[in-house]
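Please look through the two chains below with attention to how their elements pack and pair.

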Amino acid sequence: MPLSHLPINKKARIASIHGGYGFQRKLGVMGIREKQEIKIVSKQPFHGPLTIEVCGSQMTLGRGMAQKITVEVVQ
Amino acid sequence: MGNPNVGKSVVFSRLTGANVIASNYPGTTVDFSKGNMRIDGKRVEIIDAPGTYSLEPTNKAEEAASKMLKKADVLINVVDATNLERNLYLTLQLLERNIPVIIALNLWDETHHLGIHINEKELETLLGVPIVPTVALTGEGIKTLVSRIKDAKINEKIKPTSEEGRWVEIGSIIGKVEQVEHRHHTFRDKISDLTIRPHTGIPIAIGIIFCAFWFVRLIGENLIEYIFDPIFENLYLPIVMRLSEWLGPGIAHTILIGEYGVEIDFFESLGILTTGLYVPIAAVLPYIVAFYFTLSILEDTGYLPRLATLVDKIFHKLGMHGHGIVPLFLGLGCNVPGALSTRTLETRKQRFISATLLAICVPCMAQMAMIFGALGTYGLYYIGLVFLTLTILYIVIGLILNRFIKGESPEIFLEIPPYRRPSLKATFKKTWMRIRWFLKEAIPYLFVGVLIINVLYVIGILQWFGNAVSPVMEGLFGLPGDASIALITGFLRKDLAVGMLITLNMAPLQLVIAVTMLTIYFPCVATFAVLIKELGIKDMLKSAAIMVGVAIIVGFLLRIILLGA
């Protein structure tokens, strides 16, 4: 499912990241890469940004960016 | 060099003793700082580069960092030990460059709290360059770092590789040197969650902003009442009065002190030594001190990125994203640092909108002093009208510019650092750094402003101009012709115009119009100069046209709404 659909505080693993090379790299250097564990800390209302936790640090990213990230829930 | 928010600036100031702004907000070092230090009796120059996650830049600050790299003889790579994996990406890129590297493993003390164990000896062997654990805030490890700078070396074995290759390499390094204990949700994590989730975060944000402004007022008022005013009234005034008598009537008296025979009033006399000195130092400076001190605390704790997250949606509608709150906040103190911080926004469109809105709708402390000085005696209602107008303008102009300015408004992408306890010393240092902008830029302009205005007044040019444009002022805005003189003065310094407005004996609602127009129509010369540098001449002309246009439209609308046709 797209990252934006992941419920808050549920652990998941990044399955794939769509988008151009520049976009992938921008996320990659921040630790957002395939196979990394990820979790959503908060979602702002009215399609506002998401705050996620990945690789031991938190970051905020826009909803549109989150649509391009596909995740699988980890049991 | 290093990632944003890892303590580079603190390491730098430890090494050089220089004043550097360090904050718990990614991207505050937009300009680089230089400093000198001695190693074994030799003088070397150290440069503090803006934080960057990689050598392929995504904004202007990061671009500056990559360019600086080419000139370096030795690189001190500051690494956040609590986030080794991500930080090592830049480290590997640096090691590929054939420049000697030494690594400061900073925030070393935090790793213990977080249950992270790093074998730094093993890491040193694997990377082949010296590694020194440091706690820059307390100074721990800095001496060792200095003594080992000469050991910095090039790791010949690391060759340029692909992005994927670097991550594989990092994965293998991390596996060998780092162990992380499972960690429970701490109190700090809970606060962090509460302040970033909308239903708790938004009320908390409103509370914090409210408290912050209350705190600014408290400090500012007390500084004025107990320190600045007594000094001016009791020590300085007698000296000026004696000077006044000694000078006698004449041009020198008018320029230095004000009109002869009229009792000296620090707001209204308009002499270099009276208004020119009192307004910036005793009326504006105390609030600037209070404001930047408070803002520095908010920054250093790490609250601002959370606030940026909460307001992102609104700012996105205005063509920026949550980061746009930084120029807005910094600009409330003095527009100059605000204008400089627009540099951290990614695209030209975002920078243009943010700078234009800053110049039009964000009153700096000097402007606020003017607003409060002119309207304070009539009551909060009138002051409220001015601020309400400015807020509406910020939103309306933002919405319009977002629609018509070409270019992209990328989404927010911002690291949320853990909360940290601000160091009082660092906070004071940073407050001082920002006040210096005001002292360096604003005060000379105020002096020159008073001088020019007085000379023009003595020659009679100002009166002539006032008469010439008085039909426009009266017809369009319902203001006396002499208000135009205040508008001209306002270009040099806004706070200077207040005295002129007070002496015109306008009705409170007329004052609201005049003060609002003064705030909108142009930034002061100092901000103007910085904006030309940041936006380029062409964009700045566009921006200035918008400012003047908006001032005329708003002045006219206010006249119709407040004074009737």
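What follows is a set of questions and answers on a predicted model, in which local features need pLDDT of at least 70, side-chain atom pairs count only at pLDDT 80 or more, and totals for chains, interfaces and linings use all residues. Residues are numbered from 1 along each chain as its sequence is written, while chains are lettered from A and ligands numbered from 1 in the order in which they are written.

Q: Which element gives the largest share of the side of chain A that touches chain B?
A: In all, 25 residues of chain A are in contact with 24 residues of chain B, contact meaning that C-beta atoms, placed from the backbone, lie within 7 Å. The elements of chain A that give two or more residues to this side are helix H1 (21–28), strand E2 (37–43), strand E4 (57–61) and helix H2 (63–67), where helices (H or I, at least four residues) and strands (E, at least two) are DSSP runs numbered from the N terminus. The largest share, five residues, comes from E4(A).

Q: In E8(B), which residue is the bridge partner of A:Gln58?
A: E4(A) and strand E8 (residues 413–416) of chain B pair in the antiparallel sense over four bridges, pairing being assigned if DSSP finds at least two bridges between two strands. Within E8(B), the partner of A:Gln58 is B:Ile416.

Q: Is B:Val177 buried or exposed?
A: B:Val177 lies in helix H7 (residues 163–177) of chain B, and B:Val177 touches residues including B:Ile118, B:Asn119 and B:Glu122. A residue is buried if 20 or more other C-beta atoms lie within 10 Å of its own, exposed if 12 or fewer, and partly exposed in between. Because B:Val177 has 20 other C-beta atoms within 10 Å, B:Val177 is buried.

Q: How many of the 14 residues of H15(B) are buried?
A: The buried residues of helix H15(B) pack against several helices of chain B, among them H13 (325–333), H17 (380–404) and H24 (537–563). They include B:Phe352, B:Ile353 and B:Leu357. H15(B) is mostly covered, and its buried residues number 12 of 14.

Notes:
Two residues are in contact if their C-beta atoms, placed from the backbone, lie within 7 Å. Lists of a residue's contacts leave out its neighbours within four places in sequence.
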